[in-house]
Amino acid sequence: MRQDHKLLSLVTRCVECAGNTMTPGADALVCGACGYRYEFSDDGVLRALPRTSELRVPAFYQSRFYRRWMSAWEDMVQKGWVIYERPFYRFFSMSGHRKMRSLIAGLPHPPEVIVDIGCGDGQLFDLLDQRRCIGIDRNAAFLTRVKHRYPDVLAVQADFNNLPFAPGSIACCTSAHVLEHLYHLAEGLEEVRRVLAPAGAFIFSIPTEGGWGWELGRLLVTGPRLRRNYRLNVHEVMAIEHINDARRVLQFARFYFDIRMKKYAPLSFLPVMAINSSITVLASPLAGDHELRPE
Ligand SMILES: [Zn+2]
């Protein structure tokens, strides 16, 4: 197998039967209980999606409108994503990522492995030691790009709410600008808490969605671009795409995590949502006897 054994040895949970039963075979991981296999693609991406996802999402994700938005988005990514390519916008777009890096560096024990959930094409890996990183995403095309750019990263195609890791096995999970997109936000947060070690850290960044900073950005940058190039209304798009505003993400996160630090960026000396573009959080999992847990 091509991948570093230390990273791969954490992939022990079967996403099909939920047993902690995956063992390395000659060219794949195989479930000892149900026989399900995780295979590597030609690009070195490990495929750990179940046959079917048990969580239903609204039909609007299949609508013509949403498909138009998705192809517009893919087109923008192909042409060089303006928010990451242009230095001025990149300064804002990456402000949360930079805060994440400094929160990771400040952990009392440097984590041996970092699992970045919803890694996309890997913007965060630029800032980290890639030999310690596992990247999780649903999008196979993104993961292929991750493997080309960061061959040391273990790239795993999996669902946010069905991760191939045993309970309490991960020291550090990260998530950069992902939670605002999750229709199944609570399920996703529960899953992160499940895989985190009791003393583990969840470090995530979200846009200050709901504040007028983003509103202004959309009015001046994204809005006109989407209207001109794709005849899409940015507010209609974002009502679905950023289904959770910052307040909701933080509220739900408090159900499962102790929020130990909250940093605004890029103007961290002015901790106000309106004039910042991201909020970055250091959270530790709440103990198992938390009152939201079923008896
Ligand atoms: Zn299985």
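Predicted model: local features only at pLDDT ≥ 70, side-chain atom pairs only at ≥ 80, totals over all residues.
Ala-28 stands opposite Glu-39 in β3. Between β2 and β3 there are 5 residues, and the two strands form a hairpin. Look at Gly-35 in that turn: its phi is positive, at about 80 degrees.

Now the other neighbour of β2. β1 pairs with β2 as well, in the antiparallel sense, over 3 bridges. Here too we have a hairpin, with 3 residues joining β1 to β2. If you want a pair to find on screen, Met-22 stands opposite Cys-31 in β2.

Cys-31 brings us to the metal. Which residues are the protein donors of the zinc ion? They are Cys-14, Cys-17, Cys-31 and Cys-34, each through its SG atom, lying 2.3 Å from the zinc ion. Okay, and what about the geometry? The angles among the 4 donor atoms are 106 to 115 degrees, and the site is tetrahedral. Along the sequence, the donor residues follow the spacing C-x2-C-x13-C-x2-C.

Why does that spacing matter for how we read the picture? Cys-17 sits in the loop between α1 (5–8) and β1 (22–24), while Cys-31 is in strand β2 (residues 28–31), so this pair ties together parts that are 14 residues apart in sequence.

Are those two cysteines buried or exposed? Cys-17 has 35% relative accessibility, so it counts as partly exposed. Cys-31 has 3%, and since buried means under 20%, Cys-31 counts as buried.

How many residues does the largest one have? There are 50, and the residues with the most contacts inside this core are Tyr-38, Ile-134, Phe-165, Leu-179 and Phe-202. Helix α10, residues 246–256, gives the largest share of this core, with 6 residues.

Let's pick Leu-179 and see who is around. Setting aside neighbours within four places in sequence, Leu-179 is in contact with Phe-160, Leu-185, Leu-189, Phe-202, Phe-204, Ile-206, Asn-244 and Val-249. Notice Phe-202 in there: Phe-202 was also on the list of residues with the most contacts inside the core.

Last one, I promise. There is a second, separate core of 21 residues, and among them are Leu-103, Phe-125, Ala-155 and Ile-203.

Key
Residues numbered from 1 in each chain as written. Heavy atoms only, no water. Donors = N, O, S within 2.8 Å, 3.2 Å for Na, K, Ca; no water. Tetrahedral: all angles 85-135°; square planar, octahedral: opposite > 155°, others 65-115°. Helix = DSSP H or I, 4+ residues; strand = E, 2+ residues; numbered from the N terminus. Buried < 20%, exposed > 50% of the residue type's maximum accessible area, 1.4 Å probe, protein only. Core = buried A, V, L, I, M, F, W, Y, C linked by side-chain atoms within 4.5 Å. Contact = heavy atoms within 4.5 Å. Pairing = 2+ DSSP bridges.
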